[in-house]
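Thanks for coming, everyone. I would like to walk through a few local features of the model on the screen, so please have the sequence and the structure open.

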Amino acid sequence: MSDATMTAARGNPALDLLRRYGIWVIAAAVMIVLPKIFTSGAALTTMCLMGIMIVFSLAYNMLLGQTGMLSFGHAVYYGLGGFLAVHAMNTIAAGKLAIPLPVVPLAGGAMGLIFGFIFGAVSTRRAGTVFAMISLGLGELIASLSLILRGFFGGEEGITANRTKMLTLWGVRFGPQIEVYYLIAAWCFACMIAMYAFTCTPLGRMCNAVRDNPERAEFVGYSTQMVRFITFCISGFFAGVAGGLAAINFELMNAVNISGAQSGVVLLMAYIGGIGHFVGPILGAVLVVLLQVFLSDLTGAWMLYFGLIFITMVMFAPGGMAGLIMLHLPLWRRGTLLQIVPSYAVMLVPVLMGLAGLVTLIETSHHQLVKAATDGPAMKLFGIAYNSNSLLPWIVALALMGGGLYLGKLWGPRMADAYSDAAHGQDSNKREAGK
Amino acid sequence: MTALGLHDVHKSFGITPIIRGVSLEVGKGERHAIIGPNGAGKSTLFHLISGRFPLTEGSIRLNGEDITGLKPYQINRRGLSRSFQVTNIFPKMTVFENVRCGVLWHLGYRYSFWHNTRKLKDANDRAMAILQQIGLADRAQLPASFLTYAEQRALEIGITIAGGAEVVMLDEPTAGMSRSETAHFVSLIRKVTEGRTLVMVEHDMGVVFDLADRISVLVYGQIIASDTPANIRNSKAVQEAYLGQALESHGEAEH
Ligand SMILES: Nc1ncnc2c1ncn2[C@@H]1O[C@H](COP(=O)(O)OP(=O)(O)OP(=O)(O)O)[C@@H](O)[C@H]1O
Ligand SMILES: [Mg+2]
């Protein structure tokens with residue numbers, strides 16, 4: 001996202017065009033081709049969810065990463081957008097209105113924008129902790145309203161719609177999931193471009209200024225409150241669009257979609273992916289959806305793993321996945337990326353050891369606490385059958401974790417050295433040591 | 001014509017009076033220095049003028065218009081821009097962007113989310129010209145936090161003048177700089193404030209007597225003298241209250 005004005009001035013214009021737009025062409029190609037590679041129904045549903053969550057987490061990161069506003073209630077705009085989209089679909093179907101399905105997410109976006117405007121006017125007056133607390137309060141308020149206002153929210157069961165009952169264009173009725181996928185992909189792509197473009201606008205740049213140093217921003221003519229407010233509205237719009245896409249995808253919206261848990265998930269996605277880079281939330285959305293889908297199949301304790309991943313990220317990689325990638329970009333440019341592979345590979349041993357120990361510990365405890373009462377103590381993990389109430393698995397788990405930790409501590413510095421060698425050349429270690 | 005006028009300005013923090021009745025007129029195009037001992041309230045006075053703190057009493061006019069009680073951004077939009085004693089930049093953004101942030105509002109781009117900043121030739125050219133002026137053109141694409149102290153001080157001034165404000169206020173622009181850096185800075189300040197009104201807080205008497213058309217001496221929240229450099233130098237009251245020591249230490253440093 002750094003300014004390309006300087007670099008753009010020199011060099012081949014065709015190459016420049018490729019550098020600037022090439023990534024979008026690749027993104028579009030990937031989105032088009034993906035369902036041809038992963039053809040199963042499960043894969044398709046997963047990818048639809050990814051598309052929706054990419055839009056939502058990018059919208060969220062307009063606040064968190066770009067403007068430095070930590071919101072605990074962004075599902076409000078996603079959920080309200082989704083609910084309105086469901087109602088819109090039902091109204092259109094009932095009235096046989098000449099409105100095709102692909103524009104329905106706009107209704108969701110409008111809803112997100114309107115409520116972003118209303119709630120933003122209140123919450124963006126303050127930044128920092130106060131903003132975070134207000135967002136939490138508003139989130140809880142709307143979440144509890146969603147169970148009370150049954151007419152609009154449908155209570156516990158939520159509200160359903162039928163996306164195929166709309167005006168059909170060119171014979172596309174959006175019955176099959178693949179058609180919905182391409183609808184979501186198209187919206188996702190357009191939203192990605194729009195939100196990236198936003199980062200390049202005067203307001204988008206001032207968002208970063210307000211994040212970095214709100215006081216100074218006021219002394220160059222900008223009201224930080226106004227910057228936050230407008231950005232909040234725009235973010236609400238895109239969150240609403242994501243909600244509208246979700247409504248189309250699931251043909252159902254319920255209280256979960258507007259709950260604090262949903263707000264938490266989008267925060268996790270943005271953070272795990274990396275809030276400091278535009279691609280971060282995209283990576284985060286993809287990874288978290290994958291984890292949600294696969295981990296929840298594999299283990300009942302998947303939420304715990306999810307939390308552990310989040311904590312690990314916060315502690316050891318605050319830049320998220322995007323941050324880790326960016327850390328290695330200079331190595332790629334220097335041509336020294338391969339040089340660090342051996343030392344990283346060595347680190348895999350303690351990491352895998354520690355992980356195996358941790359998983360054994362969690363799974364055995366989980367079995368013992370949740371399933372043992374009904375299914376008995378016998379269980380199976382990594383293809384090995386054992387008794388969860390015998391002592392051995394616990395000892396093995398702790399030994400693995402301890403060993404992993406020990407080796408990690410032992411070899412960690414060597415990996416760090418290898419990295420800085422690759423990043424700055426051999427002399428850097430001496431300089432570090434000299435400080 | 002008065003660019004900046006303070007009328008009986010008071011400021012107390014809690015019950016402690018810090019500024020105790022300051023009245024001051026700075027003419028258009030004038031270079032005005034405010035000097036005084038540590039803790040006299042010079043920075044506080046800057047904060048009051050630029051809207052960072054509300055006044056306890058009194059009023060401030062900018063180009064004849066009352067700006068008392070306005071927000072910093074409103075005052076900035078009316079053509080008053082200030083720098084900070086402690087460097088106050090956008091550390092994660094590039095040097096170029098730091099300066100462009102100072103430009104955008106004043107070229108009318110405001111809260112636009114429909115312009116692409118890469119294509120804003122006027123804003124980018126102006127930012128680049130400022131960078132050239134302050135000697136940071138070759139640092140343009142570096143994050144601002146990577147700059148040396150002196151470079152950050154230069155950037156601080158770059159951001160301040162970028163919007164083209166008529167009244168520029170610099171709070172100890174040369175603080176903490178070496179002699180050669182200071183000399184460079186004085187010519188820089190002279191260059192970039194050409195045709196503007198300058199109000200400056202400065203401890204280095206060499207810089208003050210070199211740059212200022214008029215000098216005000218602030219002691220314990222009150223202006224005890226406001227006059228030409230020559231008269232200030234010869235004033236008995238100023239000698240006693242402040243300048244005696246300041247000039248002495250300045251003289252010592254030179255030997
Ligand atoms: N926010 C504040 N709350 C309470 N007291 C303050 C505040 N800001 C400044 N002061 C006090 O006001 C007095 C004047 O401070 P100020 O920073 O204006 O002095 P100064 O003349 O700029 O000094 P220096 O030359 O050291 O920069 C000091 O005694 C300081 O402790
Ligand atoms: Mg001061």
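B:Ser43 counts as buried, since its relative accessibility is 18%, where buried means under 20% relative accessible area, exposed over 50% and partly exposed in between, with a 1.4 Å probe and protein chains only. Before I go on, this is a predicted model, in which local features need pLDDT of at least 70 and side-chain atom pairs count only at pLDDT 80 or more, while totals for chains, interfaces and linings use all residues. Residues are numbered from 1 along each chain as its sequence is written, chains are lettered from A and ligands numbered from 1 in the order in which they are written, and side-chain values use heavy atoms, with hydrogens and water left out.

B:Gln85, at 33% relative accessible area, is partly exposed.

Turning to chain A, how many of the 11 residues of helix α9 are buried? The count is 10, so helix α9 (residues 202-212) is largely enclosed by the rest of the structure. Among the buried residues of α9(A) are A:Arg205 and A:Asp212, and the buried set packs against α3, α8, α10 and α11 of chain A together with α3 of chain B, contact meaning heavy atoms within 4.5 Å.

Definitions and conventions:
Helix = DSSP H or I, 4+ residues; strand = E, 2+ residues; numbered from the N terminus.
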